[in-house]
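Here are some notes for a colleague who is meeting this structure for the first time. Please keep the sequence and the model side by side while reading the points below.

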Amino acid sequence: MTGDNFVSQGNSSQSADGQSVSALTARFEADWQIISSGLRRDLGAQIYGQWIRSIALGDFCDLTGTLELLLPSDFSASWVADHYADRLRLAWTSTNKSVKQLKIRTRPGAARVEMLRSSGVTERPAAQHMAEILPVRSALDPRMTFANFVKGQTNVLAHSAAERVAALDKPLFNPLYLQAATGQGKTHLMHAIGHAYAEVNPDAQIIYMSAEKFMMEFVTAMRRKEVMEFKARLRAVDVLLIDDIQFIIGKVSTQEEFLHTIDAIIGAGKRLVVAADRAPQALDGVDQRILSRLSMGLVADIQPADLELRRLILQQRLAQMPDAQVGEDVVEFLARTISRNVRELEGGLNKLLAYAQLTGKPVTRTLAEEQLKDILSACRRRITIDEIQRAVCEYYRIDRSEMSSKRRARAVVRPRQVAMYLAKVMTPRSYPEIGRKFGGRDHSTVIHAVRLVEDLRKQDSDMDNDVRALLRQLEA
């Protein structure tokens with residue numbers, strides 16, 4: 001299938017690097033013999049005969065590293081592009097380093113295919129079918145760029161290191177290890193590296209994948225006897241981004257392959273970026289050789305976003321949505337209360353804006369408290385009943401002993417009931433436990449107090465304002 005469809009017209013022409021066309025022709029024919037034999041073995045004789053046998057080699061551009069694969073019809077070209085493009089690209093890039101990308105297209109009407117030209121790709125009629133295999137940009141999120149990443153004191157080192165890795169110049173460290181808790185921006189930085197490096201090196205092969213996906217794909221490759229293709233795909237990349245490295249546990253063979261991948265990437269001068277929720281030394285169940293490789297570059301940690309950074313993040317997101325009307329009081333409330341991670345902060349804002357848009361309600365602090373109560377509850381720090389009692393007594397200007405006293409004066413009973421209500425709302429304590437903290441009162445007394453305050457908040461704006469003020473004070 002190779003020599004008959006691949007024609008040289010002489011030995012006088014020269015490629016950009018001085019090779020004759022006939023020499024290039026022979027070289028590519030030999031490569032295609034190897035590749036097609038492997039495809040026949042992997043795909044089986046029937047599929048190979050139906051789709052692969054008819055492929056002919058077309059033009060080659062040594063400036064862009066683009067090789068044409070020609071098929072006899074639009075249908076077969078479309079089918080091969082849809083079903084075998086990745087396999088063909090990986091086979092070619094691993095066999096012949098001068099091939100960077102493929103174009104799968106319909107063969108011209110002439111009986112004989114034009115020779116492989118190293119000086120450029122021959123122009124084809126616009127009507128000809130063409131399916132182009134672009135350089136790998138595996139799973140990169142278009143929203144996660146450096147432009148959309150908000151820099152602050154807690155992430156400045158990781159951000160600067162990521163920009164350095166994404167530059168065309170050789171980085172001073174390899175690999176880059178990003179360490180951060182969930183939702184603090186390490187995944188965002190990994191995607192941003194991929195996008196930025198693709199801008200300065202358009203032909204670069206870039207793969208982003210989780211450690212779990214790495215393990216699953218490797219196990220699948222072993223089951224299908226496609227380990228060589230798996231190895232070739234990863235080793236052909238210019239930038240390899242592996243997320244959640246803490247999950248690279250399990251079979252020894254998987255970790256061994258990951259170790260070899262690390263060595264191959266770094267040894268070839270390619271860029272490796274990994275991310276995890278803990279330091280390399282704290283990874284459990286990971287081969288010590290892997291830990292050693294991960295530690296030899298730069299370990300850059302991202303600390304939880306401080307209040308100022310959370311404000312900046314919200315302001316930037318809102319600046320991207322000019323139609324959203326959100327007051328400074330709401331921004332301040334969200335920044336102060338949703339403090340666990342950036343992902344939750346942005347998710348809370350998105351949920352609030354979506355609800356307001358769907359219902360037509362204005363975005364107010366009251367709406368935020370109502371619609372984000374689950375997120376706000378999860379973000380609240382552990383507050384004790386003692387803290388609640390102290391805050392209520394200071395607010396109502398009564399003695400702390402009144403929380404446990406038997407006095408029934410209204411000036412004492414109402415603050416005590418408010419404190420019981422807040423204890424139920426803001427702590428995980430049961431009714432009997434709360435009752436014991438209020439002078440050994442029965443749980444039914446606490447239930448009555450909670451229900452009473454709930455009703456009063458709906459009916460009495462002063463009571464509602466008192467409770468809100470105490471909630472803000474305790475949450476702060």
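1. In this predicted model, Phe60 has a relative accessible area of 3% and counts as buried, because buried is set at under 20% relative accessible area. Phe28, at 0% relative accessibility, counts as buried as well.

2. By the rule used for ring pairs, the count comes to seven aromatic pairs. One of them brings together Phe28 and Phe60, whose ring centres are 4.9 Å apart and whose planes stand at 45°, so the pair is tilted.

3. Strand 1 pairs with strand 2 (residues 66–71) in the antiparallel sense, over four bridges. Within this pairing, Cys61 has Thr66 of strand 2 as its bridge partner. The two strands form a hairpin with four residues between them, and Gly65, which sits in the turn, has a positive phi of about 70°.

4. Which kind of pair do the rings of Phe214 and Phe230 make? Their centres are 5.4 Å apart and their planes are at 65°, so the pair is edge-to-face, given that planes over 60 degrees apart are classed that way. Phe214 lies in helix 6 (residues 211–224) and Phe230 in helix 7 (residues 227–235), so the pair ties together parts that are 16 residues apart in sequence. Both Phe214 and Phe230 are buried.

5. A ring also takes part in a contact of another kind, for the charged end of Lys424 sits over the ring of Tyr431, at 4.5 Å from the ring centre.

6. The last point concerns Asp399, which is found in the loop between helix 15 (385–396) and helix 16 (410–426). The side chain of Asp399 is joined to that of Ser401 by a polar contact of 2.6 Å. Asp399 and Val412 are 13 residues apart in sequence, while their C-alpha atoms are 9.2 Å apart in space.

Notes: Residues numbered from 1 in each chain as written. Predicted model: local features only at pLDDT ≥ 70, side-chain atom pairs only at ≥ 80, totals over all residues. Heavy atoms only, no water. Pairing = 2+ DSSP bridges. Phe/Tyr/Trp six-rings, centres within 6.5 Å; stacked < 30°, edge-to-face > 60°. Buried < 20%, exposed > 50% of the residue type's maximum accessible area, 1.4 Å probe, protein only. Lys NZ or Arg CZ within 6 Å of the ring centre and 35° of its normal. Polar contact = N/O pair within 3.5 Å; in protein donor to acceptor, adjacent residues only side chain to side chain.
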